[in-house]
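Let us walk through this model together, one region at a time.

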Amino acid sequence: MSIIGITRKISPSINKCKLSHIKRVPINYNVAINQHNIYENALRDIGVNVISLPPLDDFPDSVFVEDCAIVFNECAIITRPGDISRVDETKHILDELSKHRKLLNISDPGTLDGGDVMCIGKKIYVGMSNRSNTTALQQLSNLMNMYDYKVIGVSLRECLHLKSAVTYIGRNTVLLNPSWINASIFSDYNIIYIDPTEPHAANALLIKQTKKYGDIIIFPTNYIKTLAKLENNGFNVISVPIDELAKAEGAVTCSSLIIRKVE
Ligand code: CIR
């Protein structure tokens, strides 16, 4: 099965990125570009066909393509990002995404960031963050009910997105930061807790069924204690440096849109 990863090169205006939960420190553009290249190459190495879109000068956060869309087997939902500076990023993903999926839309007054959406089987968890509202939750539910998905709203605290607090890493397991989300919501799954000294370590990118490695997790190099936990639990991990884009509150899931070719 072929896997496509849509990425976007980093905007030269990245230092004007939106920040919600961390203090602004200068982002070294060249270091960030280098780390983003490593990320794209890591995807290529595991057999993902990377489609790397050009940078958008006027959209500081546009490298974080995850927030523009949610890709399912049946369709892709074009979001309506919750920060005004990001709303029009979605227009720039339509051409590429429409080659792979039928497109459906979240519409005004709904707001939804892709980082707030986590799909496990037929369950779609949506983080009720400052970016995503109940109108969008209802719209998503109406759109996806026809494909038998169930949409579940989840409260968060002190973090940007749902996938800042929890990600699905395969084998019926989630990686979770209990300070930012109630772990009891995920009692149907095994839970691996991040190391408490690494609060941002719950964001891991699972790529399923790669030809070369089977299921594999892309994970930040610098969260070494949580990385060790994943490996000790038998997960197959490739680590990539992402600390420069972390200064823009970016992480590994937000830097790509993964699309599985539906046979
Ligand atoms: C923002 O605040 O929108 C960006 N600076 C970071 C977005 C990261 N997106 C994600 O984790 N899905």
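**From a loop to the ligand**

We can begin with Asp 148, which is placed in the loop between α3 (134-145) and β8 (150-154). Bear in mind as you look that this is a predicted model.

Is the peptide bond from Asp 108 to Pro 109 cis or trans? The bond is cis, with omega near 10°.

Now turn to the aromatic side chains. The count comes to 5 aromatic pairs, taking ring centres within 6.5 Å as the cut-off. One of them joins Tyr 125 and Phe 186: the ring centres are 5.0 Å apart and the planes make an angle of 50°, so the pair is classed as tilted. Where do the two partners sit? Tyr 125 belongs to strand β7 (residues 123-127), while Phe 186 is in the loop between β10 (173-176) and β11 (190-193). Because of this placement, the pair ties together parts that are 61 residues apart in sequence.

Finally, let us visit the ligand. The space it takes is the second largest pocket. Of the 13 residues around the ligand, those that come nearest are Lys 18, Asp 61, Glu 66, Arg 131 and Ala 248. By class, this shell has 7 charged residues, along with 4 nonpolar and 2 polar ones.

Lys 18 takes part through its backbone, with an N or O atom 2.8 Å from a nitrogen atom of the ligand. Asp 61 uses its side chain instead, where an N or O atom is 2.7 Å from a nitrogen atom of the ligand. The side chain of Arg 131 has an N or O atom 2.8 Å from an oxygen atom of the ligand. How much of the ligand's surface does the protein bury? Taken alone, the ligand exposes 340 Å², and 98% of that is buried by the protein.

Technical notes: Residues are numbered from 1 along each chain as its sequence is written. This is a predicted model: local features need pLDDT of at least 70, side-chain atom pairs count only at pLDDT 80 or more; totals for chains, interfaces and linings use all residues. Side-chain values use heavy atoms; hydrogens and water are left out. A residue is near a molecule or strand if one of its heavy atoms lies within 4 Å of it. A polar contact is a pair of N or O atoms within 3.5 Å; within protein, one must be able to donate a hydrogen and the other to accept it, and residues adjacent in sequence count only if both atoms are side-chain atoms. Accessible areas come from the Shrake-Rupley method with a 1.4 Å probe; for residues, only the protein chains shown count as cover. On a 1 Å grid over the protein atoms alone, a cavity is a set of points where a 1.4 Å probe fits but cannot get out, and a pocket is an open set with protein on both sides within 12 Å along at least five of seven lines; lining residues have an atom within 4 Å of a point. A molecule sits in a cavity or pocket if more than half of its atoms lie within 2 Å of its grid points. Ala, Val, Leu, Ile, Met, Phe, Trp, Tyr, Cys and Pro count as nonpolar, Asp, Glu, Lys and Arg as charged, and the others, Gly among them, as polar. Rings of Phe, Tyr and Trp (its six-membered ring) pair if their centres lie within 6.5 Å; planes under 30 degrees apart count as stacked, over 60 as edge-to-face and the rest as tilted. Helices (H or I, at least four residues) and strands (E, at least two) are DSSP runs, numbered from the N terminus.
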